[in-house]
Number of protein chains: 2
Amino acid sequence: MSLLGIDLGTSGVRVAAYDLAGGEIAAASAGTTLHRPAPGLAELDAEEVMAAVIRLCAEVTASAPVRADPVESLSFAVLGEAVLPVDGAGKALAPAPVSMDRRGETTAACLADVLGNRVVQEITGQPLHPMFAVHKISASAQWPVAAQYQSLGEYVAGQLGARPAVDLTMAARTGAFDVQRRQWSPDILDALGVNATTLAEVVSAGTVVGAVSTEAAAWTGVRAGTPIIAGLHDQAASFVGGGGRAATSCVVSFGSSDCLTVGTASRPIGLDGTGFASYPVRENLWVTLAGTAAGGWALTWLADLVRATGQEWEALYDVSAQAPPGLLVMPYFAGSGTLDNDPDARAAVLGLTLETSRSDLARAFLEASGFEIAKIADALARSGVPPTQAYAVGGGARSVSALQVRADAAGIPLTGVAANASTRGAAMVAGLGIGAFGTVTDVPLPPVGFRAEPRHEHTSWYAAQRATFAATYQTLRPVNQALAAL
Amino acid sequence: MSLLGIDLGTSGVRVAAYDLAGGEIAAASAGTTLHRPAPGLAELDAEEVMAAVIRLCAEVTASAPVRADPVESLSFAVLGEAVLPVDGAGKALAPAPVSMDRRGETTAACLADVLGNRVVQEITGQPLHPMFAVHKISASAQWPVAAQYQSLGEYVAGQLGARPAVDLTMAARTGAFDVQRRQWSPDILDALGVNATTLAEVVSAGTVVGAVSTEAAAWTGVRAGTPIIAGLHDQAASFVGGGGRAATSCVVSFGSSDCLTVGTASRPIGLDGTGFASYPVRENLWVTLAGTAAGGWALTWLADLVRATGQEWEALYDVSAQAPPGLLVMPYFAGSGTLDNDPDARAAVLGLTLETSRSDLARAFLEASGFEIAKIADALARSGVPPTQAYAVGGGARSVSALQVRADAAGIPLTGVAANASTRGAAMVAGLGIGAFGTVTDVPLPPVGFRAEPRHEHTSWYAAQRATFAATYQTLRPVNQALAAL
């Protein structure tokens, strides 16, 4: 038997089958188009996403390993915050705005006036932010009258044969869910004029929500009647699939953005007023996370600027891994990220001389990624949720030298995970749904690669530089505000 | 008749002949090798420089316009701070360390202890700095016993037939000259153990110091007996040749470094404790100047980083001239320059986002050059020496769009000079020496090109950005000190 994970992301879809030991046996992926119909809008077309899911499932189920080991259940890792209106038959009525879509700004400001940031964070477990789905629902007067609003996870599951049901993590990422009482928040819905009947039933990730229909079986090659399992938010999926366990190990994700996720058995106290998001996954598992708005995006920006091709860029990483360059990069290329939640933050490169090389810059950008992880880890520890041993997942964890520089800069050992963590997390939840694993703790740990220990010879250098990094964010606030005001 | 200017620079030699109206009629130039025999050392070989002078003079005198209009006198523009030991016959005994050579650091620190920075600035007109020649003389125990120490100007003039004589400006740039009393400073020479008899007689620029020998005439094509005129320091030469006049017009030089030079009829008061250098040129003419350590060098660094070829780089300037990008560049790629005299200063780029383009960066680097000129102009005004209308000279003044951005950023109209100002200044001093012009005021103004007026639509934007620029130097001091201490 095998387990199928379907990862629905902002830039594409990935489908992979896993054996019960947690090893990947077949995989396929495809990009999807991010539409920008007007300034401030960024949308995915649900039909295009569904077509990709069908094509990729068919490819994976047709592969020899999966034909030998058929899919016994499937589940999802789902991009956060995207939501779309559907009719009574589950048909999409409009494209789904993704997290960077800004149509929710006015209603988020309105909610801040009515309930206040503190109350919203207390209810939802997350700082008030316009990216959350409930603001887009409230703002979308131009949408047709919908029977329901769904994330792309519910939408795809519904097309395959499931009933409309959203898991706790995706419910939390709507910004309208009371994470303590585990129900839609009447206060928030009332304040925003959203009817609770248009939102789906909430279940735990791992709940059976349906079975593959005969029609969907023909499209996908997955046997009709195969259980469809409620999946989870992609960061939570990366946590489960990347080896994250409550009180045992955290997961650091190096993707387009960087993110640190820790697990706890219950809701952490002491997060009021912080930038951390915290929400339940299952019984006895909460995840708490914060990220930077630009990690891999910043590296891509630099590679484009200096016209480094892929291969040469890898070589720059390798050269750059030798010694700290004495530069300081503030990586806020897209605002400060969730911890400081400061839209006026800008990126900066400090300490430049005529001797500064391309390789020095590459290393300083990687260091910034490590400093930011250390800053988040420190804030977690101060909030009573200290991070534990760290698994590194995502595309940015694949280069040994890049991982080493980040570990040096963070002062934290980083164990590279040799797997796509979010797809794997989705498949492991599919296994939970059919009782292949009892709890998340029973899920097999992922295959690991290089373990990057902070190198002794640089310890004090980086400790000093981390302190300078943290202080410089405050130092530069007036400059960034002056630049933003121009 | 024509006048010959010989420009001895850090990276090469330029020779050009001018008519009495100040127009260039023939020119030739060649690079020379900057030797770096050990870390911290940077030297020019006097024999190599002399060979280049001979070759280039021969080329210019052989040209048709100069054959029709023979050279009637010649003079020099000389790189500052370089000095070499010569024997009794005027033969070079060692290479000449240039300004960036660091062998004088210990003796400069020693002088600061003995006399104090304030007294040294009062005597010499310039802030105490290890680049000055007297520190290299004091430090060079490994040099052979010298009959005299000469700048490359005295050395080349001597080879052509002149007696050893140094002009006021080059004497001032040794760091051992009492600019008020117009004599070598016994206090400084005693403190550093340098014998006054090893230094040359001091004269004004424009003094006849000899005539071309028969031997030199054969090498250079300049008629034997042609008067050799004491020249001047290259910044002073750029001032004279670039249209600078006391109380009337200042000169902004955009070269490897940027520099603003103003003229006054007498020694300015109120420069104590500032970073300005101030020294006499002739009767009724003092120049006062400050510069950044990296202007053109910073632009070259950026062009190399982003792999822009010459042509594409010009195109980036043109595109970048359209609108202010909202970035802020602190241009201290080689320390702060003379105004703040801060060796811990480092360059920084602030305000970066994922949308920041190569062209935005090119413009921000040019803006920094303009902001720095505005900062120097403001400091001059506060010191009672307000700059007047500005001529822009040097390679950096040749691009119309680059000059426009600098004028916008500086808030100062910049009139581009279509001539090599320092070579022209040397030739004009050659004219003063034979009475072709009575005083510097009678020297013909240079041919001018584009006049860049600050553009009205950006006035308030740049006023705000100049204020942010000035404040950010202070804001970043602790960060730069932390980086320098690592």
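In which helix of chain B is Thr220(B) found? Thr220(B) belongs to helix α9 of chain B, residues 214-220; helices (H or I, at least four residues) and strands (E, at least two) are DSSP runs numbered from the N terminus.

1. Basis of the note. This is a predicted model, in which local features need pLDDT of at least 70 and side-chain atom pairs count only at pLDDT 80 or more, while totals for chains, interfaces and linings use all residues. Residues are numbered from 1 along each chain as its sequence is written, chains are lettered from A and ligands numbered from 1 in the order in which they are written, and side-chain values use heavy atoms, with hydrogens and water left out.

2. Surroundings of Thr220(B). Thr220(B) counts as buried because its relative accessibility is 2%; buried means under 20% relative accessible area, exposed over 50%, and partly exposed in between (1.4 Å probe, protein chains only). A polar atom of its side chain lies 2.7 Å from the backbone oxygen of Ala216(B). Neighbours within four places in sequence aside, Thr220(B) is in contact (heavy atoms within 4.5 Å) with Ile54(B), Cys57(B), Ala58(B), Thr61(B) and Leu160(B).

3. Four strands form an open sheet in the order β20(A)-β21(A)-β21(B)-β20(B), with antiparallel pairing; two strands pair if DSSP finds at least two bridges between them. The edge strands, each pairing on one side only, are β20 (328-330) of chain A and β20 (328-330) of chain B. From one strand to the next, the twist averages 5 degrees. Axes are lines fitted to C-alpha atoms, for helices over the stretch in contact, and angles run from 0 to 180 degrees between N-to-C directions.

4. Pairing and packing in chain A. Three bridges join β20(A) and β21(A) (residues 347-352) in the antiparallel sense, and Val329(A) has Val349(A) as its bridge partner in β21(A). Helix α16 of chain A (residues 459-485) packs on the sheet, touching β20 and β21 of chain A as well as β20 and β21 of chain B, and its direction makes about 50 degrees with that of β20(A).

5. The interface. Contacts link 38 residues of chain B with 38 residues of chain A. The buried area between them is about 3,200 Å², with carbon and sulfur atoms giving 69%; this is the accessible area (1.4 Å probe) that two parts lose on being put together, summed over both.

6. Salt bridges. Two salt bridges cross the interface of chain B and chain A, each defined as a side-chain nitrogen of Lys or Arg within 4 Å of a carboxyl oxygen of Asp or Glu. Arg307(B) forms a salt bridge with Glu312(A), with the closest N and O atoms 2.6 Å apart. On the side of chain B that touches chain A, α16(B) supplies the largest share, eleven residues.

Technical notes. A polar contact is a pair of N or O atoms within 3.5 Å; within protein, one must be able to donate a hydrogen and the other to accept it, and residues adjacent in sequence count only if both atoms are side-chain atoms.
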